[in-house]
Amino acid sequence: MKTTTSPAGEVTAVGPSGPGDEGVLFALTGETWDHARTMAGVSLLCEWAVRHGSTIESVLSGSHIAPESLDSPHELMTARQEITVIRNILSHHGGRHGIGTEIGRQYHLTTYGYFGYLLVTSGTVREMVSNGLRYAPLSFALSEIRAHVTGSGWFRSTYSADYLPEPIRDFAVERDMAASIQIQRELFTDPDAVRLVEVRFASAEPREPDAIQREYFAVPVSFGHPVSELVYETGYLDTPLPLANRHTASVMVDQCERIRSERLRYIGVTARIRELLLTRQCLDLTLEDVAAELHYAPRTLRRYLHQEGTSFREVVEEVRRSLAYDLLRERAVPREEVARRLGYHDWSSLARALRRWKMSGLSETPRPAH
């Protein structure tokens, strides 16, 4: 990418990433990374892994995601489920260089639904960045992202994921940085309008960037910095977007607010209940049982669930469905045992649930007598 920036030596005027030299923080991902997300992101992960020799079963192993769910426009998954998929991919392809960049460049604007439309219709780059970080729960990012403007006018976007284990942390940051650049390039008719100056990756020791990183970012890429960041030219934030539309942006804000509220319930009490249920050998639990485990009064737990827009019955139903696929794939497990683990009194009760979930075909899998 050609730029009109000052010489490379002047880029260091942005300064090291440390207390007091970050400049003015004007936007950040305010909510935790652990938000629900659609299947679109993990579908891209699976498609990449299968193209490079993995099987869909090995990629989804342990995630409680059924392959048929990958095409669902409505079904959601947790960040931890996506992390499981990432861990599986890295276990098979971890030796491949630049994997985060290679996958991140596949996250096109069309992957994000209403969120993508909001970014497209924003007035300027600054407005797009502010909208993007406010509605980060509608994205697939696992990183905490912060946007700064330095005293000299440089725009710096920093990425961190210290709460994730290595090497997932490094993959997540690299993927999210590559995906951010992909979004910005698609916002303009001329990709060179993205006035990126430098890409810096946090690492203990400096090293040479991989070929895919040099080719994709097309600006100086370096390692050994205290924080990972994308550095842009001064004035870039004031660049108008070619498809800006104030009316459509307002409509998209309303839609994104609604979806954001729905997604955030996955990080509250609902998420704690879901996580507890997934650790149990049998889902024949009552609200009172779970309330005692989580140290809530039953009425309090019911009230929190209501505030998060769901109910105990809905959460249990969702967890049962997510576990059903994995259990029914294990042909050695008798069907009565599958029913018991999912919290049903007999197979016929589970069979009715499978028909309701449109998973009845799995019930035909031959399995031994109890």
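C256 is buried, with a relative accessibility of 0%, where buried stands for under 20% relative accessible area, exposed for over 50%, and partly exposed for anything in between (1.4 Å probe, protein chains only). C46, at 3% relative accessibility, is buried as well. The model is a predicted one, in which local features need pLDDT of at least 70 and side-chain atom pairs count only at pLDDT 80 or more, while totals for chains, interfaces and linings use all residues. Residues are numbered from 1 along each chain as its sequence is written, and side-chain values rest on heavy atoms, with hydrogens and water left out.

With cysteines in view, disulfides come next. A disulfide is a covalent bond between the sulfur atoms of two cysteines. Here the term is applied to a pair of cysteine sulfur atoms within 2.5 Å, and the count by this rule is zero.

Side chains of opposite charge can pair when their charged atoms come close. A salt bridge is taken as a side-chain nitrogen of Lys or Arg within 4 Å of a carboxyl oxygen of Asp or Glu, and the whole structure holds 22 of them. One of these joins R200 to E229, with the closest N and O atoms 2.9 Å apart. This pair links distant parts of the chain, since R200 sits in strand 6 (residues 196–202) and E229 in strand 8 (residues 228–232), 29 residues apart. Helices (H or I, at least four residues) and strands (E, at least two) are DSSP runs, numbered from the N terminus. Both R200 and E229 are buried.

E257 is partly exposed because its relative accessibility is 24%, whereas R260, at 12%, is buried. Another salt bridge pairs D176 with R175, the closest N and O atoms being 3.2 Å apart, and both of these residues are buried. They also belong to a network of salt bridges that links R37, E82, R175 and D176.

On a 1 Å grid over the protein atoms alone, a cavity is a set of points where a 1.4 Å probe fits but cannot get out, and a pocket is an open set with protein on both sides within 12 Å along at least five of seven lines; lining residues have an atom within 4 Å of a point. Grid points are joined across faces, edges and corners, and a volume is the space filled by probe spheres set on the points.

The second largest pocket holds about 710 Å³ of space. Its lining has 31 residues, with R169, D170, F171, V173 and A202 nearest the centre. Helix 8 (168–187) is among the elements that supply at least two lining residues, and its five residues form the largest share. The lining comprises twelve nonpolar, eight polar and eleven charged residues, with Ala, Val, Leu, Ile, Met, Phe, Trp, Tyr, Cys and Pro counted as nonpolar, Asp, Glu, Lys and Arg as charged, and the others, Gly among them, as polar.

Two cavities of 30 Å³ or more are found, and the largest cavity has about 350 Å³ of space. Helix 8 gives the most to the lining of this cavity, with six residues. The lining numbers 24 residues, and L133, I145, Y159, S180 and I183 lie nearest the centre. It divides into 16 nonpolar, six polar and two charged residues.
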